[in-house]
Amino acid sequence: MIEINWLAFVQVFAAALIGAVVVVTFYAMGLRLLVRAGRAPVVAPAEFTDAITVISAKDAKRAEKAAAKAAKRSPLSEREKAVALVGAYASFGVCAAAVLGGILLIVFNH
């Protein structure tokens, strides 16, 4: 007969849920602070042969121009931008620590 340890199941479920919430929350906060610091991430579009929609060079240039304009229009002082940038990196660090902690739990606590 198979016996299920329900307490262990609930612990794993809670850990996964808390970990997911922490990673998503701090990643979103890091991106928001990165944008407030005037460093909006602009990613060049990838060209795929089977892609349904491919962004043209004109659209990519327009997106870069809009990001640069938004960075110039920021109401924050240079000091506030620096604090936002440090906060963004700290948020990304929390994400990395949560992921690394999860991997270490999997590898060393089985």
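1. Let us start with a term: a residue is called buried when its relative accessible area is under 20%, exposed when over 50%, and partly exposed in between, using a 1.4 Å probe and protein chains only. By that scale, Tyr-27 is partly exposed, because its relative accessible area is 44%.

2. A word on the model, before going further. It is a predicted model, in which local features need pLDDT of at least 70 and side-chain atom pairs count only at pLDDT 80 or more, while totals for chains, interfaces and linings use all residues. Residues are numbered from 1 along each chain as its sequence is written, and side-chain values use heavy atoms, leaving out hydrogens and water.

3. How many aromatic pairs are there? The count comes to two, where rings of Phe, Tyr and Trp (its six-membered ring) pair if their centres lie within 6.5 Å; planes under 30 degrees apart are stacked, over 60 edge-to-face, and the rest tilted. Trp-6 and Phe-9 make an edge-to-face pair, with 5.7 Å from centre to centre and 80° between the planes. Both residues sit in helix H1 (residues 6-36), three residues apart, about one turn of the helix. Helices here are DSSP runs (H or I, at least four residues), numbered from the N terminus. Trp-6 counts as exposed because its relative accessibility is 54%.

4. Now look at Tyr-27 and Phe-92: their ring centres are 5.5 Å apart and their planes stand at 50°, so this pair is tilted. Tyr-27 belongs to helix H1 and Phe-92 to helix H3, so the pair ties together parts that are 65 residues apart in sequence. Phe-92 has 23% relative accessibility and therefore counts as partly exposed.

5. Next, the surface patches, made of residues with over 30% relative accessible area and no salt bridge; like charges are joined within 9 Å, and nonpolar side chains (Val, Leu, Ile, Met, Phe, Trp, Tyr) within 5 Å. A salt bridge is a side-chain nitrogen of Lys or Arg within 4 Å of a carboxyl oxygen of Asp or Glu. Lys-61, Lys-65, Lys-69 and Arg-73 form a positive patch. Lys-69 is found in helix H2 (residues 57-72) and is exposed, because its relative accessibility is 55%.

6. A nonpolar surface patch consists of Val-99, Leu-100, Ile-103, Leu-104, Ile-106, Val-107 and Phe-108, which together have about 710 Å² of accessible area. Phe-108 is part of helix H3 (residues 78-108), and with 67% relative accessibility it counts as exposed.

7. Finally, find Ala-82 in helix H3. Ala-82 and Ala-37 are 45 residues apart in sequence, and 6.6 Å apart in space from C-alpha to C-alpha.

Conventions:
Areas by Shrake-Rupley, 256 points an atom, 1.4 Å probe, with all protein chains shown as cover. Lys, Arg positive; Asp, Glu negative; His and termini not counted. Charge placed at Lys NZ, Arg CZ, Asp CG, Glu CD. Helix = DSSP H or I, 4+ residues; strand = E, 2+ residues; numbered from the N terminus.
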